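Subject: Handing over a structure

Hi there,

Here is the structure I promised to pass on to you.

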Amino acid sequence: MSTISEIIKDAHRKLQKLLENYIMSSGNIDDQQSWSNQFRQDFIRHSTAEELILFPAYEKYIKENNTEMIHQSQHDHREMKKLLFLLDLTTITDPKYRFIFDQLIELFRKHIQREQNQNLPKLEEILTPDQSSSLANDFQRAKYSSNLKVYPTSSVNPPL
């Protein structure tokens, strides 16, 4: 029985590994393209699941001082989606691609640090083990049923 925090932290580790692979493949355009594509696909699924499952859980369970936390998470997602959209418009051989990707990496790392060190501990403190496990299962289902195309204007809280 996994908790929502365990599932999300595991997903973050996998995404970070994809970023490391992208960086390590510098000089090999085909490999970089492959790692970039994999990161972007996995990130889109992950962020969609967070928006459908995690953000509403913050609102439902964390009653005090949740507004700033939720707004910051939503803002991070909007900014990362804008960068993903720019990557879609840029070829990997364009020097701007690496610049945009580096911005995405930096924002992603700040986001997961805040999520893992502040938001998830607050949530887990309130949840029962069954609630956390249920959210973890919902998160996994949402992650693998999400649409892979993301636009910067897409809702941070898409309808179910």
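Let me begin with the overall dimensions. A compact globule of 160 residues would have a radius of gyration near 15 Å, and the chain comes out at 16 Å, so the two agree. Please keep in mind that this is a predicted model. Along the principal axes, the C-alpha atoms fill a box of roughly 50 × 30 × 25 Å.

The secondary structure is quickly told: the chain has five helices and zero strands, which gives the pattern α-α-α-α-α when read along the sequence. Of the contacts between residues at least 6 apart in sequence, 80% join residues that are at least 24 apart.

Now for surface and charge. Buried residues account for 44% of the 160 residues. The accessible surface is about 8,700 Å², and carbon and sulfur atoms hold 50% of that area. On the charge side, there are 20 positive and 22 negative side chains, and the centres of these two sets are 2 Å apart.

Next, the interior. In soluble globular proteins, nonpolar side chains tend to be buried together. The largest nonpolar core here has 21 residues, and the members that touch the most others are Ile4, Leu54, Tyr58, Leu123, Leu135 and Phe139. Two or more residues of this core come from each of helix H1 (4–24), helix H2 (29–61), helix H3 (67–88), helix H4 (95–126) and helix H5 (129–144). H2 gives the largest share, with eight residues. Apart from this core there is another one, of 20 residues, including Met80, Leu84, Ile92 and Leu107.

Leaving out residues up to four places away in sequence, Phe139 touches Ile4, Ile7, Ile8, His46, Ala49, Glu50 and Ile53.

Asn119 is found in helix H4. Is Asn119 buried or exposed? Its relative accessibility is 3%, under the 20% cut-off, so Asn119 counts as buried. Beyond residues up to four places away in sequence, Asn119 touches Tyr58, Ile62, Met69, Ser73 and Arg114. Tyr58 in that list is also one of the residues with the most partners in the largest core.

Another group I would look at is made up of Tyr22, Ser36 and Phe101. Tyr22 is placed in helix H1, Ser36 lies in helix H2, and Phe101 is in helix H4. What do their accessibilities look like? Tyr22 has a relative accessibility of 1% and therefore counts as buried. Ser36, at 0%, counts as buried, and Phe101 is buried with a relative accessible area of 0%.

With neighbours up to four places away in sequence set aside, here are the contacts of each:

- Tyr22 is in contact with Gln32, Trp35, Ser36, Ile92, Tyr97, Arg98 and Phe101.
- Ser36 touches Tyr22, Tyr97 and Phe101.
- Phe101 touches Leu19, Tyr22, Ser36, Phe39, Arg40 and Leu87.

Tyr22 and Glu59 are 37 residues apart in sequence and 35 Å apart in space. Phe101 and Ser5 are 96 residues apart along the chain, with 26 Å between their C-alpha atoms.

Finally, a residue with some surface showing. Leu86 lies in helix H3, and its relative accessibility of 38% falls between the 20% and 50% cut-offs, so Leu86 counts as partly exposed.

Happy browsing, and do write back with any questions.

Best wishes

Terms used
Residues numbered from 1 in each chain as written. Predicted model: local features only at pLDDT ≥ 70, side-chain atom pairs only at ≥ 80, totals over all residues. Heavy atoms only, no water. Helix = DSSP H or I, 4+ residues; strand = E, 2+ residues; numbered from the N terminus. Rg over C-alpha atoms; globule rule 2.2 N^0.38 Å. Buried < 20%, exposed > 50% of the residue type's maximum accessible area, 1.4 Å probe, protein only. Contact = heavy atoms within 4.5 Å. Areas by Shrake-Rupley, 256 points an atom, 1.4 Å probe, with all protein chains shown as cover. Lys, Arg positive; Asp, Glu negative; His and termini not counted. Charge placed at Lys NZ, Arg CZ, Asp CG, Glu CD. Core = buried A, V, L, I, M, F, W, Y, C linked by side-chain atoms within 4.5 Å.
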